Structures are given as C-alpha cells and as structure tokens.
Amino acid sequence: MKRILLPNPVRLLPAAIMLLLTAALGSYARVPQQRTIQGRIVSAEDNQGFPGVNVVVKGTTNGTVTDVDGRYSVEIPSDDAILVFSSIGYATQELVAGKRSTIDLALEPDVKSLSEVVVIGYGTAKKSDITGSVASVGAEQIQAFPVQNVTQALQGRAAGVDVNIGNFRPGEAPTIRVRGNRSLKAGNDPLYVLDGIPLAQGSSITEINPQDIESMEILKDASATAIYGSRGANGVVLITSKKGKEGRARISYDASFGFEKPLRKMEMFNGAEFAELRRNAYRTTGNYSTAYPNPKDDFTLFGTDPFAWENIAAAYDWVDKPNRIAREVDGVPVYDPSKIPTTDWQDMVLRTALNQNHQVSVSGGTDKIHTLFSVGYLNQEGIQRTQDFERYTVRVNFDYKVNDILTIGASTNASFSVQNYGADMYAKAVGQVPFAVPFDPQGNYIRLPGGDDKIINPLRDDQLIFNERRSTRFLGSFFAELNLAKGLRYRMNFGPDYTYYRNGEFQASTSSERAGTSYGRYLENQRFSWVLENLLFYDRSFGDHSIGVTLLQSSSAQRQEGSDITAQNLPYDSQKWYALETTYNGKVDAFNTDYTRFQLMSWMGRVNYGYRDKYLLTLTGRYDGSSVLAPGNKWAFFPSAALAWKLQQEQFLSNATFINELKLRVGYGITGNAAVSPYTVNGTLTNTNYVFNETPAKGYAPSSIPTPALGWEKTAQINAGIDFGFFNDRITGTVDAYIANTNDLLMDRAIPTISGFSSVSANVGKTRNKGIEITISTVNINAPSGISWSTDLTFTKNKEEIIELYGAKNDDVGNRWFIGQPINTYYDYKFAGIWQSNETEAIQRYKENGTTIVPGTIKIVDKDNNYKLNAEDYMILGSNVPDWSGGITNRVGYKGFELSCFVFIRQGQGLYNRARVPTLAGRYPDRKINYWTPDNPSNEYPIANRAKEFPEYYTALYYKDASFVKIKNITLSYTFPTELISPAKVRSLNVYVTALNPFLFTNYDLLDPESLGDPRGSTSALNGLSTKSLVFGVRLGL
Amino acid sequence: MKRIYKIIWMAAALLVSCKDFLEEEQVATLTYDYYNTEQGIEDLVKSCYAPLRFKTGQEQTYCLWNFGTDEYMQSGQTGWKYFNEYGSELNSSQEYVIALWDNNYNAINRCNNAAERIPEIVGTSFLANDAGKKTRMAEVRFLRAYYYFQMVQQYGGLPLKLKAAVGVELEFEKSSVPDVYRSIISDLRFAADALPEKQTDYGRATSNAARHYLAKVYLTRGSAVTAQRGQQPTDMDSAAYYADLCINSPETDLLPDYAQLWDYKNQVNKEIVFAAQFNADQTLLTGSGIGYQNTSHLYFLNQYDNEPGMGRVVNYGRPYRRLMPTDYAYDIHDRLNDSRLRKSLLTVFICNKESSIPKWTEPELKSFGGNLSLTNKPKFAIGDTALVFLVNDKTTTLTDRQITSKGYTIYARYYWLTDANGNTTELKTGFKIDKAPSLWKYVDPFRSNADDTKGTRDHFLARLAETHLIAAEAYGRKGDYATALTRLNDVRRRAAYHANEAKSSDWYRYDGGTPGDLNSTEPAMLATEDYFSETNNAFTTREQYPAGITSKQQRFIHFILNERCRELLGELHRWEDLVRTETLLLRTYAFNPDVVKAGTLADRHTLRPIPQTYLERVYRNGKPLTPDERTTEQNPGY
C-alpha cells in the first residue's frame, strides 16, 4: 500500500517550487481561472461520510482533508486541474475537474493488496488465497539499495530466510538457509526456480542481474514446497523476471557508482609492540638475557634483515652502532620504543574500490505480444588489490498470444562474468612483520622483510599471481500453453541451463607463493541440465465452489564434465595458463577429467479447493524418482495438505471494520532429500599412485563402503500461520510457527576407521527445527503534509536440534552430534582464563597426573575434575546457529525525498574462528591482544613462548560469541516530480545515495563476524574482508 | 485444431516414462564390480602398496619414528617438538597419532579385500594359475603384516581386522599384543614361503622382504622382558633363522661402500630388501590422504641458506630444520676407523650466491695477522667453500682466530676462544639450533625446485645391513656372541675406510688420521666381545653404556643399539628400537638433553595414545563407549 501512498509526497516539493515561481511571476502573468470545487466523499462500503480523505490538486501543494461528514472544499487553478483523492486502504482516485464545481465520490476499499498475485510453485495465486507459508520480496525491495547479486537483497527481508554473506570478495555468493539447517550431507541450499524452471542442483544465482527481477517468493513450509518434492526440502526460492507490459514502449536506465572501503581491519601489534612480544617469547625460553631491551640480543632477534634492524636500532641511543654499543644509564641501555616505525602493511594491499553498475531495459507490448529486452553491466573492484568482478547480462523475455488457444513464450538469460579471484594479499599482509619494510631506500623489493624465510613480502603479487574465473551461462525457460476448454489448460515447459566455467591460475616464480618455479593451472567445467515439464491445469468456479487442479509430469537430467591440469616450471610469465605444455619439466604435474550425470523423474498433482472464498484447501502429492539412489529406494512419495480460513469474510467479523485481512493457515507436508553424490551407493573405487620398476603402478582401492540401503531423507513439517491487515492496512503482517521433523537424516557419519573408511553416507537419525517467524509492516505516519513514515520488521527464531541418533537417544561424540543440540555444535576445550603464578597447588596436582602446565598458559575447564586434561574434558561450546535474527527497515518520505535505513541483527551465534589465532611464539606477527607476562597477569591470552608454535590448548581460543547488529544501508533518494521532467519526455527520474554497511556493533574482537561465518564456521577467510561503501545512483525511465 | 492435437500427441509421447531413465550409468567411476576382473584384482593389489608411502608422507616421518630418542633432538623449528619432549600435545587427538591408524587400517582393508578376492578370480594371464594367485596373495598378506607390525609397535594392542569391510561396522574389540603378533607371524610365514626371491616388478614384496620382517618381528616379540608380547623361547632362533635366510639369498648383498647407499642414482641395489617406491613423475606424487610423497628430505637439514654466499638450491635441499643430532650421535662413532658418520652428514657447502659473499674487514684481518691488502676483497668466490660444519671433539685445538682466518663460515662443534695475545681461554660449542650438520641420506636433487616438498627417492624400509644387525642381535641374545659378532662385523667391515680410499682433510685434522694414509681400517673395525665386556675398557668407555648397564648381556644389547645408531642414523627406526628393547626412558634421558630438560618422558610414552576418533566412534554392545569406558580402553596414562 505504500506504493499507493508514495506518489503524493513525490510530487509535492517541485510543485511547491513551481507554485512559488508562479506566485513570484504572478503580477506579470495572466491571472489563472482560479475557482473552488467542493463535494462529499463517502465510503463505498457503507455510504457513510468519509472523514480524513486527502484531496490534493495534482502537481501542487494545494489540498485539504475531508471533515467528519466527508465534506471538502478546494481551490483549483484551472479546469485542467486533476484532483487526487486518497486514503489508506482505499483505492486512490484521480479526476479531472472540468467544468464541474461539485465532485462527490465513493471511495472503494483498495483490494489491491489482497488481490496481489504471488508466484507459487507451478502457477500463481492471489496473495489472499495462499495457504502455505510464503514470503514475497518485490522488485522495489530488491532494488531498494544496490546489490551485486540477488541473494544479498534477501538478507533480513524475509523472515525465516537466513542470508549469510560469509565472503565479501567480489563475485562471491552468500549462502541462504530457509528455516535453518536440516541436513549436512544432503546440502542445505534451497532450490532456485527461475521463471518456473528449477535450476541445476548446486547452481548459484549470481549470474542473474538483480535489476531484472520482478519478484522473489520464498516457499518456506512443507505444504508450499512439497510441490517440488525431493528438491524442495530446503525451501524454494522462486524468481520471476520482469516482463514486458502492454502499452507504449518503456525504456529505463539504471546506473550506480560506488566507493568501497574495508569495514573493519585487523588490529595488529605495532612495530615496537611486536618487537617486545618477540623478546618476551625468547625470555620465556631463557634465550633473551635481560628484562629490558638490549642491543646484543636484539641483533640476534632482529638483525637478519638489515632494513628491519635499522628500524629497531632507531630506538637506541648509539655509542658505537656497528659494534652495537648503546648509551646506558645505570647499566640499562637507553631505549625508546616510540622511535620504532611501523609499516602499515594492510593499507598497502587495500584500496578504495570503485564499483559501477548499469542496466538498460526496453519493454513494451501489444495485446498479442509482450516483450522485454535488457542488458546489464556490473564492474566491481575488490577492496583487496587483485580482486574484481565483471559481469555482463542479457535478457530477452517475450510471450506471444498466437490465437485464443495457443500462447508461447520464453524468458532467456545469458551472462558472462570474469572474476579475478585475486591473490591472497591481505592474509599475507597481516602476516608481515610490522617493523620491517617492503622496499629498501632505493626502492628495491625486499623478498623477506624481517628476514624470516616463511614471511614473504606479498606486495608484488598483484603483478605475479592471477586467478581468473570466467563463467558463461545460458538459462532459458520456454513454454507453450494451450487453452483446451473452459478452465482447462495444457502447458509444456522446457528449461535448459548451460554453464561453462573456466578457472586459470598462475603464480610467477618470483611471487610470494612460489620459490623459484612458476605454477599454472587450467580448470574447466561444463554443465548442462534440462527440465521438461508437462502440466495440465483445470480451474473452475461453480457457485460457492472454486476448484483448481494441477497435474505435472517432469523429467530432468544434469550432466557435467570437466578437466583440470596443473604444471610447474613454465618458461615465461606472460603465457599464464595458456601454454602449460611448455613446462621445462617436460610433463604436467597433474591432470584429470571427470564426468557425472544424474536424472530425476516426477509426477505431481495438486488440488485447490475454495468455498465461498472463505475456506481454502490445498492438497498436493508428488512422486519422485532419483537415479542416485539404490534400486528399490529410488522412488518416494511426498504428500502435503493445507487449510486456510479467511476470517474477514465471515459475517461475525463484518462489524470489526478495522480488520482488512485476517487469515488463519495450517499446513502439513513431507519433503525429501536425496542429494547424495551420484555413484556412491554402489561403493566407489579411487585411483592410487605407486611405482614399480620406476614405471607407474596405478591401482584402484575402495574409497567408500557400498550403501545399498541408503534412502530418502524426509522432513515432515507442520506450519500454522496468521496473515493480517488492520486499520485500513496500516498494520499488516504475517506470523508463522512451525515444527519440522526430519527423519532418516542423510549424513556422512564418522565411523571407526578399522574397516578402512572414516565415514559412510547413512540415514542416521532425526532432527527437529522449530521456530517462529514474524513479518510486520506498519504505516506510522502518512500526513497530508507529505510526511510519511513506514516500518518493516522481520523476526526469525529457529531452534535446531538433534532428536535421535541411530534409533536411540545417545550422543555420538565421535561425530560431534549431541541430542538436543544443533548439528553444527562446537565441542572442544573450554577456555577458563590463564594460569596465574599463585596457583601453584593446582599446577602441582596437574603435574603429578602428567599434565604439565605453567603460569601464563591457557587454563581450560577440567570437566571431570580429575586434575588431568585430556580429550575427556571437551565440552559443548555452542553453535554457529543464531538464537534469533531480524531486520528493521524504516522509511521516511517527504515530498519526493525518501530516507530509508535497514538494520540487520543476528544474536546468539557463536563463531569458530581460526583466522589469526594468536601464536605468541614471536615469529609471526599477532593481533593486538593482552597477553600474559609475569608483570601483566592477563587472564585473556597466554604467555609468549618461542618454543610453542601455538600455545597449548589454543583451540579453546577459537570460540567466540559473534552476535552483531549491522546497519546494512542508509539510503536517501529523491524522485523528481513529473511536472519537472515530463517536458523532457522523461517518465520518471530518481537519484539516490546509499551508505552500505556503514556501521557494525559487536563485541566480537576480530573482523566482521559476517565475513567469517561460513556454514560450518570454520573459515579463515581473510580474503573476504567485509566492506562499507557509498553508492550514488540514478534511475531513469523514458 | 489439427496442429494442437499434434502437439498434444507429442507431449503424450514425452510423458512416457521409460524405466531406464533413472538408471545410473557408470562412466568415469568404478565400483567394486571392477574387482570381479583380473585387471581389477591386479589394480587392487597395486593399491595395497601405496600406503607404504605414509611413513615419509609428512611430519610423522620423524615425529613417530625418530623424535624423542637418544640420537636426534629438536632443531630450530618447533611445531611438533612435543614428540621430542613428550609434551601433553602428544595426546589422543594428535593428527599423526590418528593418521597412522587411519592410513594403516585403510591399507589393511585393501589387503583384506584382495586376500578374499584373489582365490575367486578367474584370470587369463598372471592370475590364470595358482602360482600367480599365491604370489599375489603372499604380497597382500606380507603388506597386511607390515601394516599391523608398524601399528602394534606404536599402539600396543589394537583391533585385529582380517576380513574386508561389509557395510557399516562399529563394534570392535582390541586384540592383545600377543594375538596381533601371532597374526603378523602367520601372514609373514605364508609370505616368506610363497614369495619369489625376485619379482619382475621391482618394488613388489619378495621372500627376502618377508624374511627380513619375519626376523624383525620375532626379534621384537622376543626382546620383551617386562612387556607382554607373547614372547616365545624360540623367538631368537626364528629371528636368526629368517635373517640368515635373507642374508644368504643370492638376491641380497651388502654394498661395498657405505657412501654408495646414499647416492641418489643408486636407489636399486642388492642391499635394498624392501623400499617404498617413488619416482620423479609429479603426477604420481599426488593423491588424497596424508602420504603420497617422500618428504624425508626436508626434516634433517639445517639452515645453510641464510649463510654468507649461500642460497637455497635443490641439491642442498629445503632446510626444514626439525631435528639435529645429539652429542651421543657424534660421539658414538670411532671416526678414525669408522667412515659412516662422515658419509652420513652433509657438512661442506659450496658458495652459490654471489650477492651475499662477505668481504674482509680490517679488524678481521688484523685479528689473525692476515694480509691487510685483502681488505674489502671478497672472502671467497662462487664455487669455493662457503660454509662448513666441523665435527670435532673436545681435544681440538681449533681457535676462533683460525676460524676467522678461513674466510668461509665455520660452525665447529668445539673451538677455543682466544684472548688478545692469542692464548686460548675457553672451550666453546659451535653447533646450535638451526646450525648443525645435516643428514644427507635423503637429499633429493630430483625434485622440481629447491622448495618442492615432493620428494622422489625411494624410501628404504629394510636394507640388508639391518638384517645383519637383526641376526647379530638374535644370536647375541641367545648367548652365541661369536656368530653375533660375525654378522655384526660384516657390517662394520663395510663401514671401515677401505684400502686406497681417499679421506677428507677433516679425517687427519680432527679424527686422528695421518695425511696420506691409505690403509684399510677394516681390522680396527672388527668388534670383539671386549666391546661389551663387563669389565670396563677403552671400548666399553667409547660405547657409553648408561649407568647401571653392567652385565654382558645388557651391554651387548646396548652395543647393538649403538651399532644400529651408527649404521642406521636417522633411518626412522630409532624410536621403535628403543621401545622394543625397553630402553626408551633409560637411553633418552641419558642422551637427549631436550627430554632431560622437559622431564616429562614417562612409562606411558612407550606406547602412543589410541586415537580419540576411534574411542569416540567405536561401539560396544550397540552403544558408544561411555567416558569411563573410553578411559579404560585408552592406553594407560593418556
């Protein structure tokens, strides 16, 4: 409904300017035919006077509000004036004044919001008739702020849909989870359906231009997804692309330009602090002779690289520098750490990245043909040098009504993208010694700044390391539809999806990755999948009864093949990966080709029944067969049922006029998952390498246990929901609660390796997801003065737990699966502080039991209190599953201006973070942390010790709470008034500026928790450093 | 309308579901069905060899087999030093403790599959007749025994799985150590009888390999005194018998010169009884899992490449500097007569980096009275000696001035500091962490570049000199010292400097030799019973018997351990040897200063912990183990 309200403020400001101009010029201008129009507005529902209706002369600020009887009186400038009558929840009407002096009007309730059509599986439905749990995100929300891919636009927009950015590297796609993780083995990615065609398994939607999208619907509960049977288990995301509309051709041009910077960087020790850390690490082992810095030991520690040494030496007051004699006071060398310079390595590999995005689309149509053509271009630089992404997209959509019987159509999407995946420069930069310098005073590159042969200067890698990923994809959806008889339609869909992917990698011999020989890799992969569907629809109404039947037969297949070649020691760098055969080694290092194919076949039926538009019933059944499962287990049946009751249609609520919509829904359904890798059930073999007589002796060893009993993983879900709209739809929303029980969970189960295998694919047990999802939209202010304020709120709480394993309630410690806990549960030593010097008694007792600890080392919880620390002291340390997440969008509008702000929240999630866990060995630089020394009895981080590559029990430092609140965007936009632009034949013009991810609030002490949380939370992805950006954009319609 | 019917008709045709549509077609994936073919069985047998590469696959190379012993201690890199010091990170979750278990049980499952399928196969070529089948069967049983033997020495009792895995198996019981040895011996005896002395495919197991390991298994079982390995009174007879069979085979012989063994161009010879096979084909050095390459070349090297005039090159290797010899390892050698230490260590490095050649300074030249006109001239040139690790002893007269005067870098084990007048003041030790002689036995110039970790050389798992030492030990343990010394002296004779053999200048400078002396030292190398006599003498002093080792029998065993150190230094047998002879604590505390300093080595460390992954996943009576049951199942003390 905000769509209805928006035009008002939009027009007002420029109109005011014009009015002022008019007034100023008034004395010279001809006096206009100003006069008054009056009238009475009634509500069409009860014919009663309608108070509070806005009456505005279009294009001016001139307007009024109806009184308690619905009467109004307004000045109009001329007969041409257009009067606009509007009120929330009612259809806005525009009338030309003409010669009339009185205009009475009955305002009709705006049923548009209820009759809004949403896409569901295999068809569309009126929003008010939906029986399942469906979240809908429209084009306006998708394009509310600039995003590079479709999934980003979903974050926080739809309750129950958890979008995890994970990696901010340009061209990477976030992960989506609909109502939590259900399964590990079988994959948790939802099914994407583009214009009716289910996309290939495991395919991403990064190739689709967000600006081409009309709407996205997320089917969440089983009654909605069961129609996709085996593929709907993790939810379904239906994507509908924009289509041409009947009427004059419309041309639109959208463009944005952005500047991107890191949101959060790693805070490292500076030069002097790290030097002291190294000294402390050596002091711990007795290899540094004094409690204060001394030049002799310092030279041993820092003298390998003469330029780094100069920086350390700057802290001393030299008497004889070559012989390293410093001025001393009371036998202590004078040392001023503030004189030690620090190199900001991070800044050297980061940049302010520029982005630009352009899209031109042309659409239009006649009563027979509708068509849309669009081209898009995205160029995104990464904030890390060497990372960038470029994408070209072309879309052609058309449908052609051949005659009354036959309609054909297609929607096609072609894309080409180049991702420069980049060198790992940031991760290397934070690993550089802060007091060392990258170049000597003459500007020569120093390969080992700081003198350690494992710390290689990465600053030339942007010229020496290439990792280029080219991807070409063609997606199509072609259909032919026949109107066979009244209400009876037959439709055939065919959806091919072809992707060609090539990854070229090259590392020059002098790059930081290599030492002396270059490396090249050429990987290519092509995938073709197709879906062929035959559908029969029958939709009729008989009196109070309406019925809709959908029957489907579908076959699909997916085939992929690929090859991969690597070689070393290439003669010259410019060839990159294009001439691997020239290797001086005479042979490539490795090569392989591969092939897989699998098929799926389905039968589906659905019946929708409605009685008096009050009671709605949906029944579906789908029968799926999959080639990847063993004979006998290939087929499974997935039924579902859902019931909805439109209370607002009931007589007993007819007096409750504040209710616009009140619908109760309940649904039950079963979905399945057979996402096991092809060929696994028979037990596969793997190729082994050996040599006899100096010639290859390749063999074949078993690589998996045959699992003939492997069957479908099934989830039974019950969902209850309310859809509501109150007070003329000023408050609308949806509340859903659900319980999903998964049986025969398909997992890679870890087993004792005695039988030769560490894991086996198995149907292992039961899990449960239960949760609540709330979506509320409110119109807080919609004043005639033009001020409007609306709020959208989403809230998701999902609890994921394991109910049963192998038919019993026993924990499976070996797999880290625990009854009552989520599947991804952290299980490790629990951090309990640092051992302090005065805890001698406990330390002694541990020593007697063979566990050696000393003051300054990490203290972990001794779970069994037996003064012995071993694997039996592992504890459950939480999970990366958030307790709840949500989003709040606020929009404030005033006369063409709109300010919106979107806040995203995830609370109660843990993070398993291996990125830069403190080593404190004094060799590799560490994050700035408060570590223990005898003089600084920290309880946060342990003692520095050069003899330990990692502090003992350091894994206890991995687990941190990573709750956060993030302002995802603040956008200010201005829509030019029609009056101002229509003379230039411009239909619409909007400019905006957006701050993306400007603020982050979290107690998490490392990077942005969003840039680290992959589904298993185990990433160390420093290369996906998160960003904030400022984007300027324009949207032009002709 | 006609057209419409046509379309409906076509659609109906598409509707027809053919049953075949959902059939899975095997194209580029093989399943177990392949093992129903002869080629499949041959490929399965080949795959049984691949896990042999595990021993040198990663850092387990030295962690499990050479760290924490008397002969090697830790060098500059500290990642896995808890294996040397027996720190608490050496626990049931340690990755190599888990990896050895996983690797070997995976290998055993391959062997079990092969052992069950070979008799069934109807072949047309090698497996067409019983002889061929018997050979292959013997190979896989040999390998299965090898994998169990490797594990039982590390973990003690463990589940004995002798059948191929079918479905998901969760319930396993540990077998006792004696049962495991019985199974190993049964497999090896079959293999020793059935295998040919020579295989057409070099690298496959031979009867001599089986004999060597059978001798070693008997020796190991029979060495137990307090340990319970199911030792039998006849074990030493059996060990001696099979060792002698191997020694007397026409297919085996000792190489004449110890140095020839480490010539990387001489990887196949009669002394090599059994070796994990590698070659320089990069495509064969990859694979999933932990051990598909020979990384042994990395760990025993010390840091030469940051020394003046030196850069990292493929011929000198990539110095991971994980281990360096203990004093014991240097001192146990009679360097005057025994050539082995000098032939095992890499001590002289030739300048290969122009840019870092140092220049003479005036104070340096003045310090030893050098020619001042050399000031600012390079100390040496490409192709000259740039770096020397000098193995000498405390009686040396080498001074710091002499070291300076050489120009090239010298790390001397011992040298004297001098005062302004040139008088010696203090004896210093020059070897230290990162700067000690490297072992050159594994140096691998066939790698693709200096940093390449993927080693290409065969790793010798068993060589005939060790067979001799096994025989010697078995005879000696029986009290037959005469035969023991015969076997032993075959090895010691070869270890001597032979007539007309050129020696390095260090030999007469630091080892007590005389310049120009080309006489054989063989006579001086021949050991006698005096070497392990109960009465102390010059020989027993050099043999450094730990305190309390006084009886002849005990001394003999320690003498054998000394000889094994001299012959097999760094060859990844030492930890097993010390555990086998129940001398791990005694000798490691006596000779490994890191262990002395840490003070944590205890009785429990004679076994590795049972992997936590096993304890957590195994079932008993349909249920996973409780925490208490896991503690009981774990080796004591972990």
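Student: How is the size of an interface expressed?

Tutor: In general, the size of an interface is often given as the accessible area that is lost when the parts come together. In this predicted model, chain A and chain B bury about 8,000 Å² between them. Carbon and sulfur atoms give 56% of that area.

Student: Which residues of chain A lose the most area to chain B?

Tutor: They are A:Y690, A:F692 and A:I754, which together account for 11% of what the side of chain A buries. The contact as a whole takes 95 residues from chain A and 95 residues from chain B.

Student: How many salt bridges and polar contacts are found across this interface?

Tutor: The rule finds six salt bridges between chain A and chain B. In one of the salt bridges, the side chains of A:R816 and B:E616 meet, at 2.7 Å from N to O. As for polar contacts, 32 residue pairs are counted between the two chains.

Student: Which element of chain A gives the most to this side, and how do its residues divide by class?

Tutor: Strand β30, residues 590-611, gives the most, with seven residues. By class, the side of chain A that touches chain B has 46 nonpolar, 31 polar and 18 charged residues.

Student: Where on the surface is a nonpolar patch formed?

Tutor: One patch in chain A has about 520 Å² of accessible area, and its members include A:I251, A:V360, A:F373 and A:L1038. Strands β22, β23 and β24 of chain A each give two or more residues to the patch. A:F373 is found in β23.

Student: What does a salt bridge within chain A tie together?

Tutor: Consider A:R395 and A:D195, whose closest N and O atoms are 3.6 Å apart. A:R395 lies in strand β24 and A:D195 in the loop between β13 and β14, so the pair ties together parts that are 200 residues apart in sequence. Over all chains, the search finds 109 salt bridges.

Key:
Residues are numbered from 1 along each chain as its sequence is written. Chains are lettered from A and ligands numbered from 1 in the order in which they are written. This is a predicted model: local features need pLDDT of at least 70, side-chain atom pairs count only at pLDDT 80 or more; totals for chains, interfaces and linings use all residues. Side-chain values use heavy atoms; hydrogens and water are left out. Contact means heavy atoms within 4.5 Å. Buried area is the accessible area (1.4 Å probe) that two parts lose on being put together, summed over both. A salt bridge is a side-chain nitrogen of Lys or Arg within 4 Å of a carboxyl oxygen of Asp or Glu. A polar contact is a pair of N or O atoms within 3.5 Å; within protein, one must be able to donate a hydrogen and the other to accept it, and residues adjacent in sequence count only if both atoms are side-chain atoms. Helices (H or I, at least four residues) and strands (E, at least two) are DSSP runs, numbered from the N terminus. Ala, Val, Leu, Ile, Met, Phe, Trp, Tyr, Cys and Pro count as nonpolar, Asp, Glu, Lys and Arg as charged, and the others, Gly among them, as polar. Patches are made of residues with over 30% relative accessible area and no salt bridge: like charges are joined within 9 Å, nonpolar side chains (Val, Leu, Ile, Met, Phe, Trp, Tyr) within 5 Å. Accessible areas come from the Shrake-Rupley method with a 1.4 Å probe; for residues, only the protein chains shown count as cover.
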